[in-house]
Every structure is written in structure tokens, then in C-alpha cells.
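Please look over the sequence and the three-dimensional view before reading on.

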Number of protein chains: 4
Amino acid sequence: MNSAGKLNVLVWNEGVHEALNDPAHIGRIYPDGIHGAIAAGLREALPDADISTATLQTNNDYGLSEEALAGTDVLLWWGHKAHAEVSDHVVDRVQRHVLGGMGLIVLHSGHFAKIFTRLLGTTCSLAWRNEGEQELIWTVKPSHPIADGVESPIVIPEQEMYGELFDIPDPDDLIFISSFAGGEVFRSGVTFTRGKGRIFYFSPGDQEYPVYHHPQIRRVIANAVGWAAQPDVTRAAPEVRNQPRTRYEDRSGSEQLRASTPVTHEVALR
Amino acid sequence: MNSAGKLNVLVWNEGVHEALNDPAHIGRIYPDGIHGAIAAGLREALPDADISTATLQTNNDYGLSEEALAGTDVLLWWGHKAHAEVSDHVVDRVQRHVLGGMGLIVLHSGHFAKIFTRLLGTTCSLAWRNEGEQELIWTVKPSHPIADGVESPIVIPEQEMYGELFDIPDPDDLIFISSFAGGEVFRSGVTFTRGKGRIFYFSPGDQEYPVYHHPQIRRVIANAVGWAAQPDVTRAAPEVRNQPRTRYEDRSGSEQLRASTPVTHEVALR
Amino acid sequence: MNSAGKLNVLVWNEGVHEALNDPAHIGRIYPDGIHGAIAAGLREALPDADISTATLQTNNDYGLSEEALAGTDVLLWWGHKAHAEVSDHVVDRVQRHVLGGMGLIVLHSGHFAKIFTRLLGTTCSLAWRNEGEQELIWTVKPSHPIADGVESPIVIPEQEMYGELFDIPDPDDLIFISSFAGGEVFRSGVTFTRGKGRIFYFSPGDQEYPVYHHPQIRRVIANAVGWAAQPDVTRAAPEVRNQPRTRYEDRSGSEQLRASTPVTHEVALR
Amino acid sequence: MNSAGKLNVLVWNEGVHEALNDPAHIGRIYPDGIHGAIAAGLREALPDADISTATLQTNNDYGLSEEALAGTDVLLWWGHKAHAEVSDHVVDRVQRHVLGGMGLIVLHSGHFAKIFTRLLGTTCSLAWRNEGEQELIWTVKPSHPIADGVESPIVIPEQEMYGELFDIPDPDDLIFISSFAGGEVFRSGVTFTRGKGRIFYFSPGDQEYPVYHHPQIRRVIANAVGWAAQPDVTRAAPEVRNQPRTRYEDRSGSEQLRASTPVTHEVALR
């Protein structure tokens, strides 16, 4: 949360499809870039939040400097062609902030982003086919905050197919399963926890289809931002510690004692 | 949520220990009953919520009538000696409301309440010993909303021991693990989802010890109320349905169409 | 395991569709009943196991007497029209044996069997449509023993559709997800643990389609029997116990001491 | 499984404490090294398996060559002082084999091994204290194969304390929780799945205490080897694939067709 008490959300997109005008119609469906469309949806849904964007072209480590991350409650990540261009030390930094409590929302082809495979430990491989077929997104955990007010199924008329086997660890929560006209299925909305950070992966969205303008997709992403944000958490990474033998005492009656006793052993990140 | 836009929380306690003055000092540590102490903690932590209480002596199915449950966002449950006196048709009703989206927080000896074993399907057995020994409550999932701002460990100077094997299904989230001076351990804070309802079981608290006055225990319970409440959810039980073959169409561009199309197949409970 | 060291598997089917000759072609696709086809598949896959069958017509509580269950390592359950005719005290007994360690495999319309909703605590509702459409069964957890050697997808040319929302608790493991020609998806292969018992629900199979003759479906069911069986486990239900304060001592060096010290607190069921 | 049909198990230990004679009594409690004691326990429990050992001093990438891993069904890992000396390309290789289906059992201070943090994505930090205090290991999932026949609690008279917060992702299964004389708790036996590989972390064991001679600890480790081994699995990493639109057909009646149709899209590792 920033000094004005607003939630800080950063929408990161490599921005390469836009720069290359590839596909040719990308400028028509995403005149402000994929990040621009996502940010517009968030500004509408979360008028009290501060939504900013950055790309590989942004100064200071593509907008992912230590200071920028320290000021970010939730980071959204879109990448596809340029995963390898994100330098490892920036990925290290993003990972540290996620473990310390920054929310992370990884979208579509971001399944192969370094930060995602790094946090999950698997290949994150999948099957895909780009023929603009219909995707249906079914809610299977309606009690989850990310499913709040979401239609089931969400219907996306034309989409790239992502299919199983999706090589990820068992998620904490499986919220959405998609089917495609060709018969494939995909765990399209899944959560993970790593350290203190909450992570959501959501597969819909592509450079060829105007998916991020779909009101229901925008709803899911806005819900996910609300769920992943922990503005009050101490942004700090857990660290190993040598814990002396302690006579644990109830300090609930002694505010003074409690105030002087460190209860966490962490390295502050902001 | 009630008409004034307030969260409605109902603290239910069988109230038998208090009525029997058993143990003799219960009136001293819980002059307003166990429910009274829990309610006082919630009123302090959640000043905008409407907190009420009921016991086995309350009129209209011990305060658990259809109307009362329909108006309740989160139900807290404390019972010990009189589980069998809660009639099955009231348990049926509570179960329906939980499946329909009412939050449920089961405390301490409520592990043997009919509503808890009914929702979990296991015996919910455990080991116990009442010698007033120290309990330490360790946070193991700090990213969970219920752990927000909670010290680790919480120190309870004198408590009844609850130990493994706790015969419950694998929880959705394991948030707290307790150790006792005698060496036993217990999964003391666990969540479950049943239907659309969010359930939290929290073991600390007993008729002999003033645990519900402990500021950190109050914090956990208040956090749990916030997490379990879904005031905007349609309180309705899922029901089986014969789904005709449908040409699923994207209705996102047609608000009128969407408004007239039912998206759920449920039996409304309120 | 029986005295000959063989695994004991009991295939239970209400047997009502067969008795009523409903549908008319059931005698053609299942000349030995649905249970007969399942048993035949198991006999082929597990030649060393002892496979028996029972129905609602079988003597002694439909073949589910205390003695029969005590001798059963894994129980398979198929029911549809007659769930209500299974008496509650028999369901109590089956539940006790599952909690004590008997494996349970619930098939297709058994999702509404009393034993299943009892163990899960939810409605187990779903969407359905009977138009004989193609089902594809995709493996999403290939490391699970139940997925061993199973093709992905399994193709079933004609099937009843079962669709989400399937109102079950989060499973321990999600192994299979199905899609249907009409676009619906279903968590078609899921595991649960209740007490010491391992439970697998598998949705394919119906009285109208010869699904239990499909080699891949037979493979899944045989794998599940192998996974759910715990022939060496002490069949006993956990029970509450008052645990005296104990000076826990390492008994590993003293075989005599260990042999005389009970390590479990359970009620033996066989 | 090797050509003789035996399970191949490789016990890897950095071997640095032994080489440095640090602590001075290590030669007395582990005359054949930590790996030697673990291997001896496995040879006794699994007489039909082929158990070998390797250390940082072993030729060909410390015994972790491509060929060695291809021939290994389950790899056990013990490390403490020399995690950094394991080269990244060997860690890459081990990770590939785990994702492809090799079992991995990480012991004690191996929580900081590169291969473990790589697969889990978190810091794997914890609290520790080395004062030789009693550890009690409680079973909380008795239905799991790794808990088969294991006493609860296992009593270890003298141990290093490992305490929460243990910074790991939510495990697939939580099997054991430890308490220590000082009051701390630890999730001491946890499973994970990554790719097709099954992973078990078990915290007991240290260079200062003869824990790997304890019969119950040996039982747990032998159980874990049995659980993690998948000798028949195709050792292959999942890979991304462009899946053409397919008319999925039931091939169950045509063995010839099935034999010629690839059902996996993987890169073979052995």
C-alpha cells in the first residue's frame, strides 16, 4: 500500500508482440498493449487502487527495480517471446519479493516465464494449438474469492487451446477447468503459495484474441488481485535462524514485554 | 449481511457447563458464559459487525431456526457435554446452510459436535489430557488471512491437551500446529470447504481455562470470522440437474441476454 | 487378505437395473450384471486376488455383514435407483470399516450413494445429460499409482455426461478430468482419505453403455484396487482416549519392552 | 529396475563431515559414513533391492552421471556443509530425472540442498538448535504407505531441533509432525510431486547423533523408498507440444492401431 493508502498493482508485459506488430492486428485489439488492456480492466474494477504498467523497454530493470517491487502489492506477468531476455538477477529479486509476501498473477504464456518455473520447480509444459477455437471456463471451487460473481462457464468464442498435461505441482486450490472445442481440458485457474506470497495462474489471454476485454475475464483478474494482495504484511523473506532454548511465556498481559520481543526472524525487503 | 449492511455473526454455545456451574470457577472466568467471552472479543475486533449469541436454552430450535440461519453470515460453535441433545433436524439445517455458503467456526470440544462429524465424515477422535499444561501454537501458513498479525508461538499458560491422532480428513489449509508441555502435538487450526461454505476448526479454549480472553486467541477467531464470511454469496445449496445440450455462447456483449439467463442451478435458502 | 494370502475384493451392485431389465439392452451388454463385468475385469487384471460380488438381493444385509466386511480389503460400489433402500445401519457399518482401513471405490451414479455422501459431507450433486456422447478422460497426475499405464485421453465413444459443478470436498488427489462432446468438464477420478481408509471415485460407467468392458477403464479400476488395498493394516477405528502424561522413552533397543506396550488406541473391527 | 529385475537405490552423501572427522565422534557412530548406515538399513529392509552409495568424492560427477541416474529408481540425498560444491549442471540433471519419474528422498540438512530448493521454489529455511534434545515424531496420516507399521510417536532421545516456520510449499501429504523438548514443532515428514517424480523429505538424522541406526527411522526410510520407486515408469520429461486437432477415437478394440500411436510426448531420459 502506498502512502495514500492505495493498493499498488503493477502490470508487467514483455511488450514484444506489440513492438513487432506481430500479429498484424495486435494494434487493433490492443491499441495500448496487452498490459494496457489489463490495466484498464483493473482501473475500472478497482477504482481505489493505483495501477501502473511496465515492459522490457522500461528503465531500471524493466520497471522491476528493488524500489519498484518494494512498492508493489501485486505484480501481474505477461510474457511469451522474450522469457530468456529477463535477466536472472531480476528474476531472483522478483522471487524474493514473492516469498516475502508480494502477490503474483501469471497470465497465459507466462507459464514459461522464468519466475513461474523458478517458483514451481517443474517444466510447466503443456499442449497447445492455435486455431481460434471456443474455450469454456468452468468454476469448480465456487467458495474461493477469485470465483466471486463469476459465471460458469465463461465463454470465450476464439482462443488458443492450452491442454493437459500441464506439468505443474498440485495447486493449493483448483478454481477453474477449461474445455476446448477440440476436446482438450486444462486446469486454467490455479493458486499456489510460496513463502508468504500468494500466486495465481490464469491461462486465458493471448496476443491474437481480445480476451482481456472480456468482462468476465476482467472480473477474474480483479478478484485475483484482491485475493493476492497483502498490503499489511511485513515484506520480508524467511531466514534460517539458530533459535536458543526459550522459556516461552505468555506475554499477552504485558504490552511492554511484547513490544520489545522480536517475533519474526526475517530479512526486511521494504 | 443484514439490512444495515452489517456482518451477522452468531456465537452458539450449548451453555451446559455454565448452567451446571461445572467447574465451580466457570462463573468467575466466564461470567457471561463462554459465548459471552467470545462475543465480547468479536465486538471489540469487529466493531461494525452485529454479534449475537444463543444456547441450547434459546427459543426456536436453540436459536438455530431457518430464519436465524438465513440471517447469519458466520456461525461459531462451542459444545461439549450435550452434543447428543442437538436434534438431527437442526443439524440437517445447519449443514444445508453451510453447504449454501454460511461460514462455520468450530471451537475446541466442538470436534465431536454432530455438525462437525457430519461435514467431515470421520470420527474426529483425538487424545486428550486435562492437567492445565502449557500449549504453544505455531503458525505454519503465514500467508493465510487467519494468521494475519498473529504471534508465533501463541503461548497459553494452562490448557487441556488435545493430541494426535486427530481423525479428520486432510484439511484444505493447515495454519496452526500446537505442542504441549507433555510432548504431544495437534493440528490446532485447520480449514475445510464443504459446498460453498468455509469451515475453520480451532482447538484452543475450554470451560476450565480463560483462553477466550487471550488477545491472540481473540485475534485468530476474529480473523477467521472475516475469512469465513461471504455476505454477498447467494445462500443456496447445489442441486443435481439435467443439463440440456447447450450451444454455449459468449453473452458478454449483451447485458440484456445475460440478465435473463440463469447461471446457477440451486435451491435458494434465503 | 484371506488365509490363503490373497487380496479379497468385493464388487457390490444394487442390481436393480438388471432385475428390471431396464434398459432393455442391459442383458446384452451386461449378461452377468454390471458387477459381473467389473468382477471379470478384475479377475483378469489381478489373477491372484479373490474377487466376489453381492447385490441388494444377497442374504445377510446384501452381502455386507460384519463378517463379510471384515474379510474385505477393497469394496467397490455401484448404485443408482435404490440408494434409499440401503439401510442406515449397514451404511454405518461400511463407514466404520472404511475409517478402519478398508478401501472403497465408488463408481458412476454411486456419487449419490449414502456411503459416499456420508463420508464426504456434501451433496455430491452434479449436472448430467444422457445422450450417448463421447467422453475423453485426461490424466492430470501421471505419478499416481492409479494412472499407471493408462492412456491419456481414454476415449469412450458413448457415455452419459456428468458435469461440474460436482459438489465434493477438495480431493486429496485429482487424477483424471473428463470432457464431453457438449463441452462440459468433470473431475472424473479423485481420491479421498477418511480415517485409515483410502477412497477413489471414478465416474465412467453406466447401465446403458458397455463402459466396464473397455480395457482402459478396467485398467484404472484394477489400479485403484491395488492402491486402495491395505491388507496388513489393523482394521480398527480410531477412538478418543484420555492419554496420561507419559515419559516417552526410546524403546528401540528393548524389544521386550516394545512388545508389551500398546502403540495404538483403537477398537478392533476384525 | 536393473536387468536382474531389482530395484536400484542410490544413497548419496556429501561425505564431508566424515572426511573432516567433524564431529570427532562421527567415526564411532557412523564408521561407514552416514551413507553407509542408511544403506545398511535399506539392505536389511529391502533384501531384494540393489543399494549403492556415492559421495562428493565419487568419480564421474560424484556418482551422479547421466548413466548413473538413468539406472537409479530412488535417490536419497544427505548434505550439509557442501551444498554449494554441487555443480549446477549436475543439479539440472538430477532435477530432470526427478521430473521424469526418479524418486527423491531428502534427509535432514538436505533441506538446503540445491536440488531441494530448486524443486520447491522456496527458501526452505527453518529454525534450529543443537542441544541434543528429545524429538517425538507423531504420525498424522496413518493411511499413507510411508507410515506403514510405524510407531507413533517415534522417540529419538537426542536430536538437533528443527522448528517452524519451515518455508516450504504446502506438501501433497503431511505424514509426520515432530515436537522437541524445548516446545518447538516441525513438519518432519512431507511428500511432494514434481513432474512424474515422487519426493519425500524426512528431517530426523544428523552427523552428531546415531539416528540412522534407529529401527523406526530405518523403517520410515525403507517405506519411503518403496513408495517413491516407479521402476516401470518411462523415465522422460514432459515437453511442450503443438497438438494438432485430433478426432479422438476409441482404439481399445484395435491393438494394432494402439501400438503404432504414440500416447506420450516426452523426451526419453533412459
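## Basis of the model

The model is predicted; local features need pLDDT of at least 70, side-chain atom pairs count only at pLDDT 80 or more, and totals for chains, interfaces and linings use all residues. Residues are numbered from 1 along each chain as its sequence is written, chains are lettered from A and ligands numbered from 1 in the order in which they are written, and side-chain values use heavy atoms, with hydrogens and water left out.

Superposition here is by least squares on the C-alpha atoms of residues with pLDDT of at least 70 in both copies. Of the interface residues of chain C, 100% are also interface residues in chain D, so the copies meet through the same surface.

Chain D is likewise superposed on chain A by a rotation of 180 degrees, with 0.0 Å of shift along the axis and an RMSD of 0.0 Å. Here too the same surface serves both copies, as 100% of the contact residues of chain D recur in chain A. Contact means heavy atoms within 4.5 Å.

## Aromatic pairs

Over all chains, a search of the whole structure finds 44 aromatic pairs. Rings of Phe, Tyr and Trp (its six-membered ring) pair if their centres lie within 6.5 Å; planes under 30 degrees apart count as stacked, over 60 as edge-to-face and the rest as tilted. The pair of A:Trp12 and A:Tyr62 is edge-to-face, because the ring centres are 6.4 Å apart and the planes stand at 65 degrees. This pair links distant parts of the chain, 50 residues apart: A:Trp12 is in strand S1 (residues 8–13) of chain A and A:Tyr62 in helix H4 (residues 59–63) of chain A. Helices (H or I, at least four residues) and strands (E, at least two) are DSSP runs, numbered from the N terminus. Both A:Trp12 and A:Tyr62 are buried, a term for under 20% relative accessible area, with exposed meaning over 50% and partly exposed in between (1.4 Å probe, protein chains only).

Another edge-to-face pair joins D:Tyr162 and D:Phe186, at 5.7 Å centre to centre and 70 degrees between the planes. Since D:Tyr162 lies in strand S6 (residues 154–163) of chain D and D:Phe186 in strand S8 (residues 185–194) of chain D, the pair ties together parts that are 24 residues apart in sequence. D:Tyr162 and D:Phe186 are both buried. In chain A, one aromatic cluster is formed by A:Phe116, A:Tyr162, A:Phe166, A:Phe186, A:Phe192 and A:Tyr201.

## Helix packing

Two packed helices are described by the angle between their axes and the distance between the axes. In chain D, the axes of helix H3 (residues 33–45) and helix H8 (residues 215–228) come within 9 Å and cross at roughly 70 degrees. H3(D) is therefore roughly perpendicular to H8(D). Axes are lines fitted to C-alpha atoms, for helices over the stretch in contact, and angles run from 0 to 180 degrees between N-to-C directions. Angles under 35 degrees count as roughly parallel, over 145 as roughly antiparallel, 65 to 115 as roughly perpendicular and the rest as oblique.

Among the residues of H3(D) that meet H8(D) are D:Ala37 and D:Leu42, and those on the H8(D) side include D:Ile221 and D:Val225. In chain A, helix H3 (residues 33–45) and helix H8 (residues 215–228) pack at about 70 degrees with axes 9 Å apart.

## A buried loop residue

D:Ser143 is in the loop between strand S5 (127–139) and S6 of chain D. This residue is buried, with a relative accessible area of 3%. Apart from neighbours within four places in sequence, D:Ser143 is in contact with C:Thr193, C:Gly195, C:Lys196, C:Arg198 and C:Gln230.
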